[in-house]
Amino acid sequence: MFRYIVRRILLIIPTIFLALSFLFALFFVLPGDPATLMAGGANRIVDPGVVERINERYGLDDPLLVQFGDYWKRTLQWDLGESFQNRRSVNDILGDKAVNSVRLAIWATLIEVVFGISIGLLSAMRRYSISDKLTTVVTAVASAVPVFVLGFLLQYAFAVQPHKHGWPDWMRLRTQGIGPNTWTLFFIPTGQTWRYLVLPAVVLAAGSTALAARMTRGSMLEVLGADYMRTARAKGLDGHQAVWHHGLRNAMLPVVTLIGIDFGLVIGAAVLTEKTFSWPGLGSEIADSVISRDLPVTMGLTLVVVLAFTVVNLVVDVSYAWLDPRIRLGQDRNS
Amino acid sequence: MRRVGFGSGLVVGLVAVVLLATACGGSSGSAGDALVDLSTFIGGPAEHLDPALDTSTTGLVGALYDGLTDLDYSDPAHPLVKPLLAESFQANADASEWTFKIRKDMTFSNGEQIKPSSFVRAWERASDPDFAGNYSYLFNFIEGGKAKLDGAATSLAGVEGDDDSMTLRVKLSAPYSNFATVAGFQLFAPMPSAVDKLKDQADWENGLMIGNGPYKLASPRTDAEVVLIRNDKWAGDVNGNKWPDRVSKITFRVSADPDTAYNAFEAGEGDMTAIPPGRTKDAEKNYATTSHVDIAGVYYFAVNQEDPVVGGPKNVLLRRAISQAIDRGAINEAIYDGNRADATGVTPAGIPGHKPKLCTFCALDRAAAKLAFDQWKAAGNTLRTPLKIQFNAGAGHEELVQMIVDNLKAIGIEAEAESRPGETYFSEVAQGKCQICRSGWFADYPAYDNFMFDLFHSDSIGGNNEGRYHNAAFDGLVDEAKRTVDPARQAGLFQQAEELLLNTDMAAIPINFYKGGEVYNPKKIASLPIDGLGKVAWEQVKLRG
């Protein structure tokens with residue numbers, strides 16, 4: 001198991017190098033000269049002198065290989081540079097945004113774990129019941145409705161309408177921003193903050209919760225029909241005991257993978273949810289930086305997202321190996 | 001059993017968290033003498049707050065910094081340039097040298113006196129090529145400005161500040177009679193001595209920046225909001241009014257887009273926001289808006305004068321036909337919900353010298369358009385391929401351009417819309433790579449030359465003269481107007497130039513003038529004054545109760 005973990009950790013290094021090198025190359029393929037865009041070129045024709053100064057200031061007129069070398073030299077020293085747009089240190093931007101993203105991701109994943117797995121389990125155990133059919137319909141809808149539509153509808157239902165009908169303030173959820181931003185134990189919102197968190201967390205979790213529920217249901221149904229489950233029941237365990245002791249662990253294998261990937265995804269790719277609720281996270285910042293060709297921000301934030309994703313993947317793989325010993329044994333045998 | 005225990009524990013934990021959080025909940029929102037604005041930062045947080053770097057069209061920086069002069073919009077149709085931090089200003093005979101006498105009673109919000117050296121400091125800082133922002137090219141107006149920006153000089157040769165006599169003398173690189181107006185632009189605002197202590201000037205706007213306007217920063221900006229509180233050391237506006245009852249605290253909150261900001265406004269999370277596209281009528285019905293206020297901006301199409309089909313003197317009739325075939329009123333209703341004014345020229349109301357109904361061929365007249373098109377064909381011209389109307393994609397212009405294509409078809413002119421990537425659109429247009437090119441312009445400062453010179457003078461070819469219009473007579477009129485100190489004579493010259501541009505050469509096709517676009521809660525805000533540049537005069541906002 002130890003060798004397996006070490007090998008997986010070592011794989012992170014080339015993964016990050018390749019991912020960021022590819023992104024760096026891609027940046028210069030995009031249409032539009034970064035300096036012109038920085039000078040406001042998406043809205044008006046800019047003064048050539050201003051463009052020239054921006055090119056000089058940020059070394060954008062250097063050969064690409066020189067820029068590439070400089071980038072990695074700085075990155076290895078954890079100097080992520082400063083934003084072309086507002087000249088803030090990318091390390092500072094990263095600190096704020098990453099924390100916000102991780103908090104939102106934790107809550108979205110908690111919702112996914114708690115509701116996705118419970119609903120999936122209930123559906124599987126009461127197969128073809130009304131609640132099972134209802135689950136199938138609701139999860140299909142939740143997966144299909146675009147994030148901004150769902151976000152907009154929930155804002156209207158839980159914030160706009162309550163305000164228009166004069167509901168007391170404490171019954172109204174918030175639509176924009178992060179509020180007073182007060183937390184206990186890193187991720188538990190206190191004071192007013194929970195009212196800002198609920199809607200984005202629910203919207204971000206909606207699609208993945210539906211998917212987790214369907215996957216849990218399918219996986220559980222497969223497990224319930226397996227031979228070892230019949231054996232478990234034959235040796236005297238009642239239905240629930242058999243499910244908890246023998247079924248769940250096996251049924252959770254694909255679900256754990258899904259949840260792990262989802263957690264990695266919602267840290268860096270929750271762009272639509274972050275935009276809809278003005279939640280200042282990594283995803284929307286990366287998207288904005290690409291549009292405005294703010295290379296240091298794009299690269300710095302993506303580096304962290306790739307890091308987070310590879311670490312989450314590692315955790316998933318390790319937990320997978322823990323849940324199913326055949327995986328690590330197979331690896332050890334092959335090595 | 002252990003895992004079951006974990007599951008139950010998780011549920012219990014979550015319930016406890018929610019209960020705890022609920023118990024902690026209280027009331028919030030803007031209350032009393034405070035205002036929450038959701039219109040300024042739609043789309044993202046403030047790129048810049050430093051007046052040397054900011055390029056936004058919002059009034060936030062104007063609330064933090066006052067300049068040498070300001071516009072008095074008491075009569076919105078005829079704004080007057082008045083001294084603000086200066087007690088007087090004077091130009092020499094040909095407007096090539098300007099003298100500003102600085103008031104002795106003006107201070108920054110930290111109590112430091114504003115002196116001529118405060119301006120010298122600010123201008124040297126803003127023209128430092130290592131720091132200079134996107135508007136720094138305006139220092140080209142000043143003698144030595146170009147050399148400083150190019151790194152060939154270490155200071156602005158034409159600027160001299162004398163703190164003893166409280167006089168700021170500015171020598172220009174060429175005579176310019178509107179310099180007093182430009183001198184009030186935020187780029188030229190004074191800076192306190194605190195900036196001299198900074199290791200990196202970029203840190204100024206990220207900290208507790210000190211200014212001299214009616215408001216000051218309550219705390220350093222964040223990505224979520226900018227909060228201003230009253231600057232009690234402010235000495236008042238151009239008319240000496242200190243607006244003693246001005247709002248005590250303004251929070252500018254970031255929203256992702258106009259629709260989500262409007263949702264937040266409707267949910268009571270803010271007191272004002274921008275009207276989203278197509279919701280003007282809804283906003284006017286349910287709330288109060290600024291949609292009646294004229295804003296100094298124009299939406300127009302530049303026509304490439306070097307294009308053999310539509311450009312040059314031999315195609316004037318075709319351009320006239322195009323302009324007269326466009327149903328501006330229908331476009332305004334269908335696309336802007338009536339929240340624009342049909343253009344009657346290029347220079348909008350609110351710009352000193354503006355002449356109403358200047359353009360002869362800017363109203364819908366299909367018969368005249370058809371006649372002009374027929375005459376153009378009779379002169380031996382033919383349209384072998386459809387005209388191309390280019391626009392920047394993803395910025396909401398598709399529908400408008402399609403309506404124009406349909407308008408042109410109605411009189412027999414074949415045309416097609418051509419969408420171009422927004423990132424490269426304006427650079428391509430600047431290089432002459434377009435035929436009929438969508439464009440728009442908001443005044444940077446309220447001066448007639450900000451339209452005539454910047455958009456149509458031959459010196460601006462390769463820059464904002466997108467149609468590459470070149471007429472020596474037009475250039476001569478604009479140059480003379482820029483030198484002319486007498487306002488009435490200057491206005492007459494600019495108007496002559498614009499008449500030549502539109503009524504003789506038809507070198508551009510104006511579509512509409514902008515209007516105010518804010519919606520606000522009338523139960524909270526009694527009045528929301530917007531100046532002619534579309535900026536909120538924050539110190540003049542009145543709350544109810």
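Predicted model: local features only at pLDDT ≥ 70, side-chain atom pairs only at ≥ 80, totals over all residues.
**Figure 1. Contacts along chain A.** Counting contacts between residues at least 6 apart in sequence, 71% of them in chain A link residues at least 24 apart. Buried residues account for 41% of the 335 residues in this chain.

**Figure 2. The elements of chain A.** Look here for the 14 helices and 2 strands of chain A.

**Figure 3. Chain B and its overall form.** Chain B holds 15 helices and 21 strands. Its C-alpha atoms fill a box of roughly 85 × 75 × 45 Å along the principal axes. In chain B, 51% of the 545 residues count as buried. As for contacts in chain B between residues at least 6 apart in sequence, 71% join residues at least 24 apart.

**Figure 4. Inside the largest nonpolar core.** This core has 225 residues. Those with the most contacts inside the core are Tyr300(B), Phe301(B), Ala321(B), Met452(B), Ala497(B) and Ala508(B). Helix 8 of chain A, residues 193–224, gives the most to this core, with 17 residues.

**Figure 5. A closer look around Ala321(B).** Which residues does Ala321(B) touch, leaving aside those up to four places away in sequence? They are Ala369(B), Ala372(B), Phe373(B), Trp376(B), Ile411(B) and Ile413(B). Ala321(B) is also one of the residues with the most contacts inside the largest nonpolar core.

Key:
Residues numbered from 1 in each chain as written. Chains lettered and ligands numbered in written order. Helix = DSSP H or I, 4+ residues; strand = E, 2+ residues; numbered from the N terminus. Buried ≥ 20, exposed ≤ 12 C-beta atoms within 10 Å, placed from the backbone. Contact = placed C-beta atoms within 7 Å. Core = buried A, V, L, I, M, F, W, Y, C linked by C-beta atoms within 7 Å.
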